[in-house]
Amino acid sequence: THIRNIFGRMGFSDREAVALIGAHTLGRCYTSRSGYEGPWAFDEYGFDNSYFQLLVEEQWETNMDRKPLQYQDTKTKTLMMLPSDMALVEDNGLRPYTEICAQGTRKKGFFFRHLP
């Protein structure tokens, strides 16, 4: 996958790549800066594993109103995911690490114990 190509080139394992992408729990995308728009999680300023929990537990659909391709949650339609985020649940090598990072509570789960 694209993630494996980019992060592998820098010497990161799948586990480490998933953990690093978990930084998407912070902030949001701005159209003027990236072409994408919206937050990944409900609390843009909280550093926890909610990004992983939302990615694994929510249903996602293509946001037909946005270009370039991005996804929105089907429940509130206020959260977004990039194609690279969706790869974390679609790629059979990355998904197990994504699911592990989704487990636990704020600052007590795998994600915080195993940051690269």
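Being a predicted model, it contributes local features only at pLDDT of at least 70 and side-chain atom pairs only at pLDDT 80 or more, while totals for chains, interfaces and linings use all residues. Residues are numbered from 1 along each chain as its sequence is written, and side-chain values use heavy atoms, with hydrogens and water left out.

Starting with the rings, a pair of aromatic rings is described by the distance of the centres and the angle of the planes. Rings of Phe, Tyr and Trp (its six-membered ring) are taken to pair if their centres lie within 6.5 Å, and planes under 30 degrees apart count as stacked, over 60 as edge-to-face and the rest as tilted. That rule gives two aromatic pairs. Phe 7 and Phe 12 make an edge-to-face pair, with 6.1 Å centre to centre and 70° between the planes. Tyr 51 and Phe 52 have ring centres 5.2 Å apart and planes at 70°, so this pair is edge-to-face. As for accessibility (buried is under 20% relative accessible area, exposed over 50%, partly exposed in between, with a 1.4 Å probe and protein chains only), Phe 7 is buried at 17%, whereas Phe 12 is partly exposed at 31%. Tyr 51 is buried at 0%, and Phe 52 is buried at 0%.

Tyr 30 has arginines over its ring. A charge counts as sitting over a ring if NZ of Lys or CZ of Arg is within 6 Å of the ring centre and within 35 degrees of the ring normal. Arg 28 lies over the face of Tyr 30 at 5.5 Å from the ring centre, and the charged end of Arg 33 sits over the Tyr 30 ring, 4.8 Å from its centre.

Next comes Asp 43, found in the loop between strand S2 (38–39) and helix H4 (50–57); helices (H or I, at least four residues) and strands (E, at least two) are DSSP runs numbered from the N terminus. Asp 43 is partly exposed, at 39% relative accessible area. Its C-alpha atom is 8.1 Å from that of Thr 25, 18 residues apart along the chain. The Asp 43 side chain also reaches the backbone nitrogen of Tyr 45 at 3.0 Å and that of Gly 46 at 3.2 Å.

Finally, H4 packs with helix H6 (residues 95–102) at an angle of about 120°, with the axes 8 Å apart. Axes here are lines fitted to C-alpha atoms, for helices over the stretch in contact, and angles run from 0 to 180 degrees between N-to-C directions. H4 and H6 are therefore oblique to each other (under 35 degrees is roughly parallel, over 145 roughly antiparallel, 65 to 115 roughly perpendicular and the rest oblique).

Conventions:
Polar contact = N/O pair within 3.5 Å; in protein donor to acceptor, adjacent residues only side chain to side chain.
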